[in-house]
Amino acid sequence: MIRPAPPKSGRRRTQGGEGEIEVFVADEQSAQPVDVERWEALARNALAAEGVSGDCELALLFVDEASIAELNLRFMGHEGPTDVLAFPIDDDDVAIGRSPDGSSSGPDRGPVDDIPLLLGDVVICPAVAARNAPSHAGTYDDEIALLVVHGILHVLGHDHAEPEETQVMQARERDLLDQFHRKAP
């Protein structure tokens with residue numbers, strides 16, 4: 001499970017302006033079934049549980065092995081497909097203003113508060129998830145759920161480069177999965 005670049009300041013901003021959390025889901029592969037509505041709900045619930053609120057957007061993309069391998073090579077320098085990549089949009093780097101210089105909002109621009117908080121993209125390869133599931137999360141559905149939550153936590157600034165970070169991130173994954181995926185009977 002890989003994340004291209006850590007955010008500059010750890011945990012990221014999670015409050016958008018007035019509005020609701022939007023999760024855009026696209027299934028761009030055909031190797032494995034993807035329940036778009038189920039994974040959208042899991043993503044929305046996980047974001048809310050992590051304190052995300054207001055006018056925020058996250059993209060959740062399910063892609064084939066060739067697509068994720070291309071992204072993995074381009075952004076991570078690793079050959080071959082992986083199970084998940086997370087691309088946080090660091091709001092400190094987003095230029096506010098006119099293109100190309102970003103110098104001012106200009107007369108035709110609305111207030112900055114009208115712009116949704118763009119959290120980032122989580123890209124998952126269901127074919128790799130299906131192969132990894134038996135030795136990792138158990139079932140295909142459990143593996144996809146883990147990858148959705150794992151990717152969201154990365155987008156929000158969690159990491160697992162150090163043992164302490166790994167413990168915190170894994171505990172948060174278990175908690176979110178227990179709340180929203182493995183509901184008690």
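Visitor: How many helices and strands does the chain have?

Guide: In this predicted model, the chain has 5 helices and 4 strands. Read from the N terminus on, the elements follow the order β-α-β-α-β-β-α-α-α.

Visitor: Thanks! What share of the residues counts as buried?

Guide: Of the 185 residues of the chain, 38% are counted as buried. As for contacts with a separation of 6 or more, 76% of them come from residues 24 or more positions apart.

Visitor: Let's turn to the sheet. In what order do the strands lie?

Guide: First the general idea: strands of a sheet pair through backbone hydrogen bonds, and the pairing can be parallel or antiparallel. Here, 4 strands make up an open sheet with the order 1-2-4-3, and the pairing is mixed. Strand 1 (21–27) and strand 3 (84–88) are the edge strands, each pairing on one side only. From one strand to the next, the twist averages 15°.

Visitor: And how many bridges join strand 2 to strand 4?

Guide: There are 7 bridges between strand 2 (residues 56–62) and strand 4 (residues 117–124), and the two run parallel.

Visitor: Which strands does helix 4 touch?

Guide: Helix 4 (residues 140–155) packs on the sheet and touches strand 2, strand 3 and strand 4. The direction of helix 4 makes about 145° with that of strand 4. Helix 2 (residues 65–76), for its part, lies across strand 3 and strand 4, and runs at about 50° to strand 3.

Visitor: Now a pair of helices. At what angle do the axes of helix 4 and helix 5 cross?

Guide: In general, two packed helices are described by the angle between their axes and the distance between the axes. In this case, the axes of helix 4 and helix 5 (residues 163–180) cross at roughly 130° and come within 10 Å. Helix 4 is therefore oblique to helix 5.

Visitor: Is that crossing left-handed or right-handed?

Guide: The crossing of helix 4 and helix 5 is right-handed.

Visitor: Which residues make the contact?

Guide: Helix 4 contributes A145, L146, V149, H150, L153 and H154, while helix 5 brings M169, R172, E173, L176 and L177. Sorted by type, the residues of this contact of helix 4 with helix 5 are 7 nonpolar, 2 polar and 2 charged.

Technical notes
Residues are numbered from 1 along each chain as its sequence is written. This is a predicted model: local features need pLDDT of at least 70, side-chain atom pairs count only at pLDDT 80 or more; totals for chains, interfaces and linings use all residues. Side-chain values use heavy atoms; hydrogens and water are left out. Two strands pair if DSSP finds at least two bridges between them. Axes are lines fitted to C-alpha atoms, for helices over the stretch in contact, and angles run from 0 to 180 degrees between N-to-C directions. Contact means heavy atoms within 4.5 Å. Angles under 35 degrees count as roughly parallel, over 145 as roughly antiparallel, 65 to 115 as roughly perpendicular and the rest as oblique. A crossing is left-handed if the near helix is turned anticlockwise from the far one by less than a right angle, and right-handed if clockwise. Ala, Val, Leu, Ile, Met, Phe, Trp, Tyr, Cys and Pro count as nonpolar, Asp, Glu, Lys and Arg as charged, and the others, Gly among them, as polar. Buried means under 20% relative accessible area, exposed over 50%, partly exposed in between (1.4 Å probe, protein chains only).
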